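Here is a protein model to work through. Take a look at it first, then follow the questions.

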Amino acid sequence: MSTTIEAETLKQYLADSPPTVVPLAIKPHFEALSDKEKLYAHHISLACFAGTRIVLRQLSPESEPIYDFIVTLHKHSKGDYDALAKEAGLSQEELDAYLNYAAQFLGNLGNYKSFGDSKFVPRLEPRQLKALATTSKEALGFYEQFKDAIFAGEDVSKLHLGYPSAGHVSTYYPDSPGITKEDITGVSDFLESKGLLPENTRIRKAGDVFEVLIASALSDPSAEQRDLKESEWTLDDGKQVKLVFGDYSKEMELIAHHIDQAKKYAANDNEVKMMDEYAKSFRTGSLEAFKESQRAWIMDKGPTVESDIGFIETYRDPHGIRGEWEGFVAMVNKERTKAFSKLVESAPQYIPKLPWGKEFEKDKFLSPDFTSLEVLTFAGSGIPAGINIPNYDDIRQNFGFKNVSLGNVLSAKAPNEKIPFIKDEQQALYKATADHAFEVQVGLHELLGHGCGKLLQETAPGEFNFDHENPPISPVTHTPIRTWYKPGQTWGSVFGPIAASYEECRAECVAMALSCEFPILQLFGFGDGTIDMDGPAGDVLYTAYLSMARAGIVALEFWDPKSRKWGQAHMQARFSILRTFLNAGVEFCELEWDADDMSDLTIRLERSRILDLGRTAVNEYLQKLHIYKSTADYKQAKRMYDEITDVEPFYENLVRPAVLRKKVPRKVFVQANTVEEEGGKVVLREYEADARGMIQSYAEREYI
């Protein structure tokens with residue numbers, strides 16, 4: 001049943017006015033590369049950006065024509081938007097509204113926020129957008145394709161990504177209005193039983209036939225090239241499952257072409273192997289080949305040019321298993337990397353300080369390559385501050401993983417402004433130390449948070465990676481464990497839709513717990529390793545906890561009261577950690593306000609009680625998060641996580657409106673392009689950090 005959207009409700013879905021546009025500064029780091037390294041980076045960059053249309057098609061039916069509309073208008077006007085506005089009869093304010101929308105759209109690569117999964121709509125009347133469209137016959141053609149979908153419409157459920165059967169939007173299940181959650185689960189579970197990995201797939205329902213669309217340049221790879229020799233099955237209920245190759249075929253071939261070109265400039269055999277397996281995967285759809293690329297990638301220790309590319313993160317698939325296209329190429333910041341290297345070296349002495357026994361930890365910590373990067377290109381729907389990949393547990397447990405902190409993402413600054421929910425007397429300290437605190441948090445989150453922990457498994461029938469005859473004692477129940485992962489099960493398949501948020505929560509809690517270790521703070525250059533809550537290390541620790549509490553409040557922006565659904569994995573996690581702080585008691589953390597509308601809402605967090613009350617509360621929560629994950633106890637995990645992330649009336653009716661009133665636009669990044677000139681030299685082309693610069697950067701890399 002459709003529901004008319006009230007004007008007050010619609011406000012939160014309007015595009016940012018203006019969005020916070022910042023530059024992704026890279027020039028000094030790129031210029032320091034050799035000519036060969038620049039060519040390697042250049043072709044990987046082109047391969048990453050060649051997946052732009054894949055991201056758009058994975059998001060919503062209207063995203064690709066909106067993208068084409070924006071690029072076409074830029075080319076039609078030759079970047080002269082004042083002349084375009086005059087031609088369309090738009091005022092300066094109306095032109096700015098269009099440019100702001102276009103910049104936010106490109107910054108998110110689609111019309112749903114990459115951080116939150118809620119739709120944003122232009123601050124324009126339909127007639128004004130049509131006036132722009134009529135300036136170009138080609139643009140008008142694209143406008144006709146999206147005109148009924150770009151605005152809010154009358155159905156509230158369409159304002160959020162999610163399962164189609166719940167009325168939400170998801171093009172991971174294209175042209176399938178009748179597909180149910182049960183359909184998706186049934187097909188996904190069947191494919192899992194066959195050993196087919198899901199990250200590069202989509203599902204389309206046509207009657208009783210479920211077509212599993214596989215991203216590949218080839219539409220008919222041979223049985224030897226495929227991960228499964230079979231391609232069609234009839235299920236017990238009579239429904240058919242059919243593998244259909246060639247999803248995004250044009251884009252996948254272009255990506256593979258540039259990967260082949262990059263291989264010519266690879267620095268070592270590991271990079272050659274990586275490029276070979278990438279190209280094989282992208283042409284044939286083989287995710288086993290992609291896993292081989294990731295094994296080679298892990299072995300490529302300390303490269304000057306770092307990259308990864310593929311269907312990586314599964315946050316936006318409502319079922320939590322299909323990956324969004326992303327790719328990055330970056331330069332290593334050797335100075336910042338030193339601190340991370342020290343953290344890697346000392347990791348084995350800090351993991352035992354986490355609240356579980358050795359039975360629930362890897363037998364040996366696999367030391368990852370942990371670097372600080374300066375990003376040249378990050379293609380996808382949004383740019384994170386740090387990454388821990390690959391996401392395949394068998395590779396992580398047996399080969400290792402890499403952690404990267406994205407330095408120029410962390411340091412990119414919006415104009416100075418007051419930070420909401422932080423008390424006036426703490427604003428100066430918060431601003432001075434927030435970047436330092438976040439760098440420590442990202443390091444601990446990615447390295448130890450995602451890197452620690454053992455999954456207790458029956459690896460094959462009757463074979464276990466733990467003592468099954470004398471199972472370990474759970475520190476939560478103080479009884480022998482009763483659950484574990486069965487053959488063929490993975491962390492993602494067992495925990496399903498809650499897996500992404502739950503794991504981010506676990507990693508964030510590890511960061512909160514271990515940031516209390518002053519020797520770790522010393523590794524990052526703060527203090528002398530002794531406990532000193534009043535010194536520089538204490539400042540960073542206090543800001544880390546205060547920042548997490550603030551993030552928990554801000555998280556409410558990403559919860560939708562209509563669907564009662566969280567739209568962002570990290571923010572659901574951070575809300576639960578705020579609740580953990582508050583549950584520790586008013587002696588540690590409390591929300592304070594005087595005004596009836598909570599316009600003066602702030603956080604009081606007692607610096608002197610972090611080490612006893614704060615860390616203790618985090619440890620108790622973290623222990624349950626970890627043990628439930630380690631033992632595949634989805635039932636207990638879901639019960640706990642649903643309860644602590646439930647948005648009760650106080651948060652829904654009082655705190656959330658205050659958050660929406662103080663909402664700060666999320667940053668969108670203008671990225672440089674690389675251009676190969678005659679003679680084979682690669683040069684950097686940079687753009688202004690504003691809406692026009694954002695559009696120009698995309699228009700000049702549009703080559704598909």
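The questions below cover cavities, aromatic pairs and charges over rings in this predicted model.

Q: How many cavities of 30 Å³ or more does the structure hold, and what is the volume of the largest cavity?
A: The count takes cavities of 30 Å³ or more, and there are five. The largest cavity has a volume of about 110 Å³.

Q: Which residues that line the largest cavity are the closest to its centre?
A: The lining has 14 residues. By class, four are nonpolar, five polar and five charged. The closest to the centre are Q12, S118, H160, E557 and F558.

Q: Which strand and which helix each supply at least two residues of the lining of the largest cavity?
A: The strand spans 559-560 and the helix spans 649-661. They are strand 13 and helix 25.

Q: Why is the pair of F340 and F524 edge-to-face?
A: A pair of aromatic rings is described by the distance of the centres and the angle of the planes. Ring centres must lie within 6.5 Å to pair, and planes over 60 degrees apart count as edge-to-face. F340 and F524 have their centres 5.7 Å apart and their planes at 75°, so the pair is edge-to-face.

Q: How many residues apart in sequence are the parts that F340 and F524 tie together?
A: F340 lies in helix 14, residues 334-350. F524 lies in the loop between helix 20 (518-523) and helix 21 (536-554). The pair therefore ties together parts that are 184 residues apart in sequence.

Q: Are F340 and F524 buried or exposed?
A: Buried means under 20% relative accessible area. F340 has 0% relative accessibility. F524 has a relative accessible area of 12%. So F340 counts as buried, and F524 is buried.

Q: Is the pair of F495 and Y502 tilted or stacked?
A: F495 has a relative accessible area of 0% and is buried. Y502, at 0% relative accessibility, counts as buried too. The ring centres of F495 and Y502 are 5.4 Å apart and the planes are at 45°, so the pair is tilted.

Q: Which residues do ring pairs link into a cluster?
A: The structure holds 31 aromatic pairs. Ring pairs link these residues into a cluster: Y248, Y278, F282, F290, F311, W325 and Y392.

Q: Which ring has the charged end of K629 over it, and which has R701 over its face?
A: The charged end of K629 is 4.7 Å from the centre of its ring. R701 is at 3.9 Å from the ring centre. K629 sits over W491, and R701 lies over F49.

Definitions and conventions: Residues numbered from 1 in each chain as written. Predicted model: local features only at pLDDT ≥ 70, side-chain atom pairs only at ≥ 80, totals over all residues. Heavy atoms only, no water. 1 Å grid on protein atoms, 1.4 Å probe; cavity = no way out; pocket = protein on both sides within 12 Å on 5 of 7 lines; lining within 4 Å. Points joined across faces, edges and corners; volume = space filled by probe spheres on them. Helix = DSSP H or I, 4+ residues; strand = E, 2+ residues; numbered from the N terminus. Nonpolar A, V, L, I, M, F, W, Y, C, P; charged D, E, K, R; others polar. Phe/Tyr/Trp six-rings, centres within 6.5 Å; stacked < 30°, edge-to-face > 60°. Buried < 20%, exposed > 50% of the residue type's maximum accessible area, 1.4 Å probe, protein only. Lys NZ or Arg CZ within 6 Å of the ring centre and 35° of its normal.
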